[in-house]
Amino acid sequence: MKLSARNQIKGKVVAVTKGQTTGHVRIEAAGGVVITASITNEAIDDLALKVGDEATAVIKASDVMVGK
């Protein structure tokens with residue numbers, strides 16, 4: 001898979017939780033950092049995501065917001 005996004009973080013799926021239409025996928029990267037993605041249930045099914053799978057978080061954003 002080739003993508004233009006340069007922010008690709010490899011890790012392991014540690015949780016998959018489906019909601020009514022969208023779900024949350026948690027990927028643990030190096031150092032124990034966990035990234036949570038909100039994606040459609042259809043995408044979860046199409047990718048056959050399950051705990052223990054190797055996966056890549058691909059981040060393509062124009063803005064990063066920080067609050068305190």
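Guide: A residue is called buried when its relative accessible area is under 20%, exposed when it is over 50%, and partly exposed in between (1.4 Å probe, protein chains only). The model is predicted, so local features need a pLDDT of at least 70 and side-chain atom pairs count only at pLDDT 80 or more, while totals for chains, interfaces and linings use all residues. Residues are numbered from 1 along each chain as its sequence is written, and side-chain values use heavy atoms, with hydrogens and water left out.

The count comes to three salt bridges, each being a side-chain nitrogen of Lys or Arg within 4 Å of a carboxyl oxygen of Asp or Glu. Side chains of opposite charge can pair when their charged atoms come close.

Let us begin with Asp-53 and Lys-50, which form a salt bridge whose closest N and O atoms are 3.1 Å apart. Asp-53 has a relative accessibility of 17% and therefore counts as buried.

Let us turn next to Asp-45, which is joined to Lys-18 by a salt bridge with its closest N and O atoms 2.4 Å apart. This pair links distant parts of the chain, for Asp-45 belongs to helix H1 (residues 41-47) and Lys-18 to strand E1, 27 residues away. Helices (H or I, at least four residues) and strands (E, at least two) are DSSP runs, numbered from the N terminus. Asp-45 is partly exposed because its relative accessibility is 47%, and Lys-18 is likewise partly exposed, at 46%.

There remains the salt bridge between Glu-54 and Lys-12, in which the closest N and O atoms lie 3.9 Å apart. Glu-54 is in strand E4 (residues 54-59) and Lys-12 is in strand E1 (residues 7-18), so this pair ties together parts that are 42 residues apart in sequence. Glu-54 is exposed because its relative accessible area is 61%, whereas Lys-12, at 40%, is partly exposed.

Val-25, in strand E2 (residues 22-28), has 4% relative accessibility and so counts as buried. Leaving aside neighbours within four places in sequence, Val-25 is in contact (heavy atoms within 4.5 Å) with several residues, among them Val-13, Ala-15, Ile-44 and Leu-49. Ser-38 stands 13 residues from Val-25 in sequence, and the distance between their C-alpha atoms is 6.5 Å.
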